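Subject: Structure handover

Hello,

Here is the structure I promised to pass on. Please open it first, then read my notes below.

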Amino acid sequence: MADMLTLTPSAAARVAAIAEKQAKPAILRLSVEGGGCSGFQYKFDLSDGPDAEDSVSETDGVRLVVDPVSLDLVAGSTVDFVESLGGAAFKVENPQAAAGCGCGSSFGI
């Protein structure tokens with residue numbers, strides 16, 4: 001199941017930098033919540049560790065963890081970190097999303 005999600009090297013590097021500044025493990029938790037302009041929204045947090053039922057993938061020593069309910073909505077996704085004139089943010093490329101918003105933080109299935 002770990003191959004169902006991908007964390008890009010740039011996202012892994014950013015997570016590692018944030019985790020080091022906050023003296024936390026380099027573990028990014030991706031979850032999906034109801035809301036946003038398209039029905040669901042992505043939520044990112046640093047995690048102290050994966051829960052027993054979490055799906056875990058790893059890139060360059062940084063882990064990406066997702067709970068089973070969220071995994072149903074983001075399976076096959078790639079998490080990237082992008083910097084542009086508009087700012088810097090984690091971005092999810094979700095093949096299941098049928099609709100999205102301009103900011104990239106919410107989606108519909």
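**What was found**

Lys91 is partly exposed, with a relative accessible area of 37%. Here, buried means under 20% relative accessible area, exposed means over 50%, and partly exposed lies in between (1.4 Å probe, protein chains only).

A word on the source. This is a predicted model, where local features need pLDDT of at least 70, side-chain atom pairs count only at pLDDT 80 or more, and totals for chains, interfaces and linings use all residues. Residues are numbered from 1 along each chain as its sequence is written, and side-chain values use heavy atoms, with hydrogens and water left out.

**Salt bridges**

Lys91 has a charged partner. Its side chain meets that of Glu93 in a salt bridge, at 3.3 Å from N to O. The term means a side-chain nitrogen of Lys or Arg within 4 Å of a carboxyl oxygen of Asp or Glu. Glu93 is partly exposed too, at 43% relative accessible area. Side chains of opposite charge can pair when their charged atoms come close.

How many salt bridges are there by this rule? The count comes to 5.

One of them joins the side chains of Arg29 and Asp54, at 2.6 Å from N to O. Arg29 lies in strand S2 and Asp54 in the loop between strand S3 (40-46) and S4, so the pair ties together parts that are 25 residues apart in sequence. Both Arg29 and Asp54 are buried.

Another salt bridge is formed by the side chains of Lys43 and Glu33, at 3.7 Å from N to O. This pair also links distant parts of the chain: Lys43 is in strand S3, Glu33 is in strand S2, and they are 10 residues apart. Lys43 is partly exposed at 33%. Glu33 is partly exposed at 32%.

**Overall layout**

The protein chain has 2 helices and 9 strands. Both kinds of element are DSSP runs numbered from the N terminus: helices are H or I with at least four residues, strands are E with at least two. Along the sequence, the pattern reads β-α-β-β-β-β-α-β-β-β-β.

The chain has 109 residues, and 35% of them count as buried. Take contacts (heavy atoms within 4.5 Å). Among those between residues at least 6 apart in sequence, 52% join residues at least 24 apart.

**Aromatic rings**

A search of the whole structure finds 2 aromatic pairs. The rings of Phe44 and Phe90 have their centres 5.4 Å apart and their planes at 35°, so this pair is tilted. The rule: rings of Phe, Tyr and Trp (its six-membered ring) pair if their centres lie within 6.5 Å; planes under 30 degrees apart count as stacked, over 60 as edge-to-face and the rest as tilted.

Phe44 lies in strand S3 and Phe90 in strand S7 (residues 87-93), so the pair ties together parts that are 46 residues apart in sequence. Phe44 is partly exposed, at 24%. Phe44, Phe81 and Phe90 form one aromatic cluster.

**Two loop residues**

Ala23 is not a glycine, yet has a positive phi of about 55°. Ala23 sits in the loop between helix H1 (9-21) and strand S2 (27-34). Is Ala23 buried or exposed? At 72% relative accessibility, Ala23 counts as exposed.

Asp60 has a positive phi near 50°, again in a residue other than glycine. The loop between strand S4 (55-59) and strand S5 (62-66) holds Asp60. Asp60 counts as exposed, at 64% relative accessibility.

Best wishes
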